[in-house]
Amino acid sequence: MTLERIFGVTDRKILVIGATPIGEATAALFNELGATAEIADIVPGEQVIADAVADFAARHGRIDVMVYAVTRIGTYALPTMSLDQWDQVHDANLRGAFLAMRAVIPAMQQQGGGAIVAVSTMGSVHPVLKGNGAYGASKAGLNGLVRAAALDHADDGIRVNAVLPGAVPVGDPPADMERLGGPATQPGRLMLGMGRAEDVASAIVYLASPAARFVTGQMLALDGGFLIS
């Protein structure tokens, strides 16, 4: 009973936007714990996100948790990075998160609260790979958006947090990505080795659960010790 009271997510309605490895692991874990979680496997765009949120709310009556798991990676040398490469990374990682929050917050306001968790990256607070200018900047912007939304909507009972994975599979790299090396490739920096999508899913469930009722506007790093190595 104590575990259910503190960590229970039974019967919660969870919309996961993004069929990434982390998104899929998160939906699977929520469902295993008795929640109802669905993945919206969409390319982030204004109307498709609004439609996905409206459809989920109509079918389930509420949205208790929204997880923005969309992640587009890409390492590109800054002097030769195209504007299209920059825009694609930002559209997925930051613009899409804004659109998702803008769509889901009114529904959460009407129902008296909810929780939002965004998947950022440890590379948003510490350089990990060379050529991560677009990726790191987009996710750093996401961190700022999370903090702003948490401040703006605390009175609505909406908590907004982010997880910052490092050395965790996030999806297939784009074909035009350049491999330029960097700190994450140095021996010994990944103190606990590579992480799994399930490691991040556990943290997301925590942030969505009653155990995190006093947590908002925070960035939870899941980096296997990289930041202290």
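How many helices and strands does the chain have? I looked that up before anything else, keeping in mind that this is a predicted model. I got 6 helices and 6 strands. Reading along the sequence, I wrote the pattern down as α-β-α-β-α-β-α-β-α-β-α-β. The radius of gyration came out at 17 Å, close to the 17 Å that the globule rule gives for 229 residues, so I noted the chain as being as compact as a globular protein of that length.

Next, overall dimensions and packing. The C-alpha trace spans about 50 × 40 × 30 Å along its principal axes. I then checked burial: 47% of the 229 residues count as buried. For contacts with a separation of 6 or more, I found that 78% come from residues 24 or more positions apart.

Then the surface and the charges. The chain exposes about 10,700 Å², and carbon and sulfur atoms supply 56% of that area. I also looked at the 16 positive and 22 negative charges, whose mean positions are 6 Å apart.

Asp11 has a phi near 70°, which is positive in a residue other than glycine. I placed Asp11 in the loop between helix H1 (2–7) and strand S1 (13–17). Is Asp11 buried or exposed? Its relative accessibility is 55%, and the cut-off for exposed is over 50%, so Asp11 counts as exposed.

Ala167 went on my list too, with phi near 55°, again positive in a residue other than glycine. Ala167 sits in the loop between strand S5 (158–165) and helix H6 (197–208). With a relative accessible area of 24%, Ala167 is partly exposed.

Technical notes
Residues are numbered from 1 along each chain as its sequence is written. This is a predicted model: local features need pLDDT of at least 70, side-chain atom pairs count only at pLDDT 80 or more; totals for chains, interfaces and linings use all residues. Side-chain values use heavy atoms; hydrogens and water are left out. Helices (H or I, at least four residues) and strands (E, at least two) are DSSP runs, numbered from the N terminus. The radius of gyration is taken over C-alpha atoms; the globule rule is 2.2 Å times the number of residues to the power 0.38. Buried means under 20% relative accessible area, exposed over 50%, partly exposed in between (1.4 Å probe, protein chains only). Contact means heavy atoms within 4.5 Å. Accessible areas come from the Shrake-Rupley method with a 1.4 Å probe; for residues, only the protein chains shown count as cover. Lys and Arg count as positive and Asp and Glu as negative; His and the chain ends are not counted. The place of a charge is taken as NZ of Lys, CZ of Arg, CG of Asp or CD of Glu.
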